[in-house]
Amino acid sequence: MSEAIAASGILPSDWMFVFAVIGMVAVTYSLRAGGYWLMGRLSITPRVRRGLEALPGAIIVSTIFPIVLKGGIAVGLCLVVAIAAQVKLKKEYAAVFCAALVAAGLRAVGV
């Protein structure tokens, strides 16, 4: 659709890009500001606190699980290696490096 608008001469494609970036910035800022505004009006009960404490793990699982399902055994192995390295070494960069090494090795053997 944006190409059709750009092709019609209403807006050049550079301006479409600028408006798209400005729109994304506005939406991102409003969501963040809205979250702070909303949390400033909520009372933090123990139940809400438990929910907020569980939120990062839930976000990570909901982000990674579809990737593992789509990526197959290689992605699953890399995830297992990353988790094991993180638990053992307690260094995030080392875990990412170990997972990248396993990914490179699996790609080299064609998995």
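Modeller: First, a term: a residue is buried under 20% relative accessible area, exposed over 50% and partly exposed in between, using a 1.4 Å probe and protein chains only. This is a predicted model, in which local features need pLDDT of at least 70, side-chain atom pairs count only at pLDDT 80 or more, and totals for chains, interfaces and linings use all residues. Residues are numbered from 1 along each chain as its sequence is written, and side-chain values use heavy atoms, with hydrogens and water left out.

Start at the loop between H4 and H5, where Lys90 is found. Helices here are DSSP runs of H or I, at least four residues, and strands are runs of E, at least two, numbered from the N terminus. Lys90 counts as exposed, at 62% relative accessibility. Its phi is positive, about 60 degrees, although Lys90 is not a glycine. Most residues other than glycine have a negative phi.

Now look at the helices on either side of that loop. The largest nonpolar core has five residues: Ala74, Cys78, Ala82, Ala99 and Leu106. Such a core is a set of buried Ala, Val, Leu, Ile, Met, Phe, Trp, Tyr and Cys residues joined through side-chain atoms within 4.5 Å. Helix H4 (73-89) and helix H5 (92-109) each supply at least two residues of this core. H4 gives the most, with three. Ala82 touches Ala95 and Ala99, leaving aside residues up to four places away in sequence. Contact here means heavy atoms within 4.5 Å.

Step back to the whole chain. The protein chain has five helices and zero strands. Its pattern along the sequence is α-α-α-α-α. Of its 111 residues, 8% count as buried. The radius of gyration, taken over C-alpha atoms, is 22 Å, whereas a compact globule of 111 residues would have one near 13 Å. That globule rule is 2.2 Å times the number of residues to the power 0.38. The C-alpha trace spans about 55 × 50 × 25 Å along its principal axes.

One pair gives a sense of the distances. Phe19 lies in helix H2 (residues 13-41). Phe19 is partly exposed, with a relative accessible area of 46%. From Phe19 to Cys98 is 79 residues in sequence and 40 Å in space, C-alpha to C-alpha.
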